[in-house]
Amino acid sequence: MNNFQYYNPVRIVFGEGEIAKLSELVPLEARVLITYGGGSAKRTGTLDEVKAALASNGNRQVFEFGGIEANPEFTTLLKAADSVNEHDIDFLLAVGGGSVIDGTKFIALVASMTEDDGKTVSREQAWEALTSGCRKLDKAIDLGAVLTIPATGSEMNSGGVINYSERKAKLPFGNPLVFPKFSILDPAKTLTLPERQVMNGVADAFVHVMEQYLTYPVNAKVQDAFAESLLKILIEEGRAVKADPTNMETRKNLMWTATMALNGLIGTGVPQDWTTHMIGHELTSLHAIDHARTLTIVLPSVMRELKDSKKDKLLQYARNVWNLDITSVNNQPTSDESADAIIEQAITETENFFRELGLPVNLVDAELDESAIEPIVQQLEAHKMTQLGEHRANDLEVSRRILQRAALVH
């Protein structure tokens, strides 16, 4: 296991009806800006519930900013940052899924980058901050979250991803100043989600775990066992929620698993990959494919292309997650052919699971072909994504081969 520091200050408030706790969690005299997405928070009554909780005590002044996109847009978030400075906001409250929370984190940082006259910095300055991952910024507005879509884990970490359509860019950022002060997780809020969003959430969490787990062994037994358990829960509960969408116990387990998949715990002291995500971001930017669906398109091909460098963890994954018999591999002598067969079976099991949830597993499923590959590779180069993976060895040629494999139907 590698050396590490682990820090996570987020207070989690979990359970049905816990939105009422906002009266205790948001400072009494705060000037609050509620951020939300395309309108589902209004339609489902969640926004009214949030405002009622905030109004139940204290003298908070509450403002709203809606319309944050499913892939939060840089230009939209700058408008929200202007609103923060216009209304002298000192607390942001994100109501929605990971995109709203990611966007609100960026708002918290950018709104603090003010000019001498108190106005938000220019688009160019904000873009420069984003391209450097926002790591150097030293101020942020406090924020909290009310989670309605379990998927990204943004409710319990300090990172996010922002889309800038004008530049065909989707870039990650992170800064410890934007850990939420608290996140409320009410699983009942997920009952109103369409099936597509629920399945996307399962896939998003699954690949988050895989990015931190499927690398090479460093004898991190706690992290490995935790990751494998999360994967098995996602497989079990993913199938369960598709069969019975109304089961609240399933919803609870899915919500908490998605949070635990990316709160930093299973990634401490271990190498991490993130190749699938970086390639997936370009698919979203160029073809507007749901983020989670880009991940299920790319992951199987990453596993196949990089099976030699990931061989030990792929066999561990086959045994401990899919319960495949690898006795013939562990008892010497063994052959590369038998190991390859078991690895291919584990990859096929992964693809079949995604298919069960109605998710794509190759470019063809997304109505794309090999002509999509070169523009993606060019975008990776433009965004300096040229040394990906746990070994930083996945150059543009490796990414091209991954995409070529994704153009095939297995």
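I started at Ser-23, which counts as buried at 14% relative accessibility. My cut-offs: buried is under 20% relative accessible area, exposed is over 50%, and partly exposed is in between, with a 1.4 Å probe and protein chains only. This is a predicted model, where local features need pLDDT of at least 70, side-chain atom pairs count only at pLDDT 80 or more, and totals for chains, interfaces and linings use all residues. Residues are numbered from 1 along each chain as its sequence is written, and side-chain values use heavy atoms, with hydrogens and water left out.

Ser-23 sits in helix H1, residues 22-25. Helices (H or I, at least four residues) and strands (E, at least two) are DSSP runs, numbered from the N terminus. What does Ser-23 touch, leaving aside its neighbours within four places in sequence? I found Leu-28, Ala-53, Ser-56, Asn-57 and Arg-60 in contact with Ser-23, contact meaning heavy atoms within 4.5 Å.

**Strand S2**

Next I checked S2, residues 31-35. Four of its five residues are buried, so the strand is largely enclosed by the rest of the structure. S2 pairs with S3 (residues 61-65) in the parallel sense, over five bridges; a pair needs at least two bridges found by DSSP. Arg-31 has Gln-61 as its bridge partner in S3. S2 also runs parallel to S4 (residues 91-96), joined by four bridges. There, Leu-33 is partnered with Leu-92 of S4.

**Salt bridges**

How many salt bridges does a search of the whole structure find? I got 20, taking a salt bridge as a side-chain nitrogen of Lys or Arg within 4 Å of a carboxyl oxygen of Asp or Glu. I wrote up a few of them.

Arg-123 and Glu-166 meet through their side chains at 3.2 Å, N to O. This pair links distant parts of the chain, 43 residues apart: Arg-123 is in helix H6 (residues 123-131), and Glu-166 is in the loop between strand S6 (159-164) and strand S7 (169-174). Arg-123 is partly exposed at 35%, while Glu-166 is exposed at 58%.

Arg-239 and Glu-356 form a salt bridge at 3.0 Å, N to O. Arg-239 is in helix H8 (residues 221-243) and Glu-356 in helix H14 (residues 336-356), so the bridge ties together parts 117 residues apart in sequence. Both ends came out partly exposed, Arg-239 at 36% and Glu-356 at 37%.

For Asp-340 and Lys-307 I noted 3.9 Å, N to O. Here too the pair links distant parts of the chain, 33 residues apart, with Asp-340 in helix H14 and Lys-307 in the loop between helix H11 (291-305) and helix H12 (311-320). Asp-340 is partly exposed at 27%, and Lys-307 is partly exposed at 29%.

I also noted a network of salt bridges linking Arg-196, Asp-290 and Arg-293.

**A nonpolar patch**

Last entry: which residues form a nonpolar patch on the surface? I have Met-1, Phe-4, Tyr-6 and Leu-265, with about 370 Å² of accessible area together. Patch residues have over 30% relative accessible area and no salt bridge; like charges are joined within 9 Å, and nonpolar side chains (Val, Leu, Ile, Met, Phe, Trp, Tyr) within 5 Å. Areas come from the Shrake-Rupley method with a 1.4 Å probe, and for residues only the protein chains shown count as cover. Phe-4 lies in the segment before strand S1 (11-14) and is partly exposed, at 44%.
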